[in-house]
Amino acid sequence: MAKSSKYYVVWEGYEPGIYSSWNECKLKIQNYPNAKYKSFPNLEEAKTAYAMGFFGYQKQKKLTSASFSTEGIEWKSIAVDAASSGNPGRMEYRGVVTKTKQILFHMGPFPNGTNNIGEFLALVHGLAFLKDKKSELPIYTDSKIAMSWIRQKKCKTKLGKNSKNEKLFELIKRAEAWLEKNTFKNPILKWQTKSWGEIPADFGRK
């Protein structure tokens, strides 16, 4: 028999992860209460789904099937987003290829952060990433606040610095310094959530 090309994501099981055969997957979920797993036709889709988490993937699936229009999206672009569990709380951010949702970078989680800080850092990280690649591709964000902070070259957060978020404030300082020292031609575009659904880099926690 030909070897199956499927990949299996285990979100909840004895050992969550991505497996290249059903036999491996089965060992991780058999008799596990409410195991959450799914097969995918290729490794790329499996990695994206695993990174989103089970509920994030389910939500994205639901949104994809909804009647959103894709008219007006600049597909040759990247998209960034952040998520925070609490405000402040554990925050992380990432950047993806807009069309395929391939993850380009993922930072965090950081303790005692906010979503706005994450959106700002994600944009700066995305701009630096594209500059390093000598690319002038547009970059999408769904945060008007982050776009404003980029224009001001300043993270205008009201969050206080403490021992828990010291590393986060170091990243903010580096991001602000990058904006002061660098120029870029990449258009920063506002993702139209009401028309297009959630931004491709969304973590699915809203």
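Author: Buried means under 20% relative accessible area, exposed means over 50%, and partly exposed is in between (1.4 Å probe, protein chains only). The model is predicted, so local features need pLDDT of at least 70 and side-chain atom pairs count only at pLDDT 80 or more, whereas totals for chains, interfaces and linings use all residues. Residues are numbered from 1 along each chain as its sequence is written, and side-chain values use heavy atoms, with hydrogens and water left out.

Reader: Does K134 count as buried or exposed?

Author: K134 is found in the loop between α4 (115-132) and β7. Such elements are DSSP runs numbered from the N terminus: helices are H or I over at least four residues, and strands are E over at least two. K134 has 77% relative accessibility, so the residue counts as exposed.

Reader: What is the phi of N112?

Author: Most residues other than glycine have a negative phi. N112 lies in strand β6 and counts as buried at 18% relative accessibility. K134 is not a glycine and has a positive phi of about 55°. N112 is not a glycine either, and its phi is positive, at about 55°.

Reader: Which residue is joined to P88 by a cis peptide bond?

Author: Most peptide bonds are trans. A cis bond joins G108 to P109, with omega about 10°, and P109 has its place in strand β6 (residues 103-113). P88 lies in the loop between β4 and β5. The cis bond at P88 has an omega of about 0°, and the residue joined to P88 is N87.

Reader: Over how many bridges do β4 and β5 pair?

Author: Two strands pair if DSSP finds at least two bridges between them. β4 (residues 78-86) and β5 (residues 89-97) form a hairpin with 2 residues between them, and S84 stands opposite M91 in β5. The two strands pair in the antiparallel sense, and the number of bridges is 9.

Reader: Which residue of β7 stands opposite A79?

Author: β4 is joined to strand β7 (residues 139-141) by 2 bridges, and these strands run parallel. Opposite A79 stands the β7 residue Y140.

Reader: How many residues apart in sequence are the parts tied together by Y140 and W196?

Author: Rings of Phe, Tyr and Trp (its six-membered ring) pair if their centres lie within 6.5 Å; planes under 30 degrees apart count as stacked, over 60 as edge-to-face and the rest as tilted. The structure holds 15 aromatic pairs; one of them is Y140 with W196, edge-to-face at 5.9 Å centre to centre and 85° between the planes. Because Y140 lies in strand β7 and W196 in helix α7 (residues 193-196), the pair ties together parts whose separation in sequence is 56 residues.

Reader: Why is the pair of W191 and W196 called edge-to-face?

Author: W191 is buried, and W196 is buried as well. The ring centres of W191 and W196 are 4.8 Å apart, and the pair is edge-to-face because the angle between their planes is 70°.

Reader: How far is R94 from the ring centre of F203?

Author: A charge sits over a ring if NZ of Lys or CZ of Arg is within 6 Å of the ring centre and within 35 degrees of the ring normal. The charged end of K36 sits over the ring of F54, 5.5 Å from its centre, and F54 belongs to a cluster of ring pairs with W11, F40, F55 and Y57. R94 lies over the face of F203, and its distance from the ring centre is 4.2 Å.

Reader: Which strands stand at the edges, each with a single partner strand?

Author: An open sheet of 3 strands has the order β2-β1-β3, with antiparallel pairing. One side of each edge strand is left without a neighbour in the sheet, because each has a single partner; these strands are β2 (17-19) and β3 (36-40).

Reader: At about what angle to β1 does helix α2 run?

Author: Axes are lines fitted to C-alpha atoms, for helices over the stretch in contact, and angles run from 0 to 180 degrees between N-to-C directions; contact means heavy atoms within 4.5 Å. Helix α1 (residues 22-29) lies across β1, β2 and β3 at about 10° to β1. Helix α2 (residues 43-52) lies across β1, β2 and β3, and its angle to β1 is about 5°.

Reader: Which residues is S143 in contact with, leaving aside its neighbours within four places in sequence?

Author: S143 lies in the loop between β7 and α5 (144-152). Its relative accessible area is 7%, so S143 is buried. With the neighbours within four places in sequence left aside, the residues in contact with S143 are E119 and K190.
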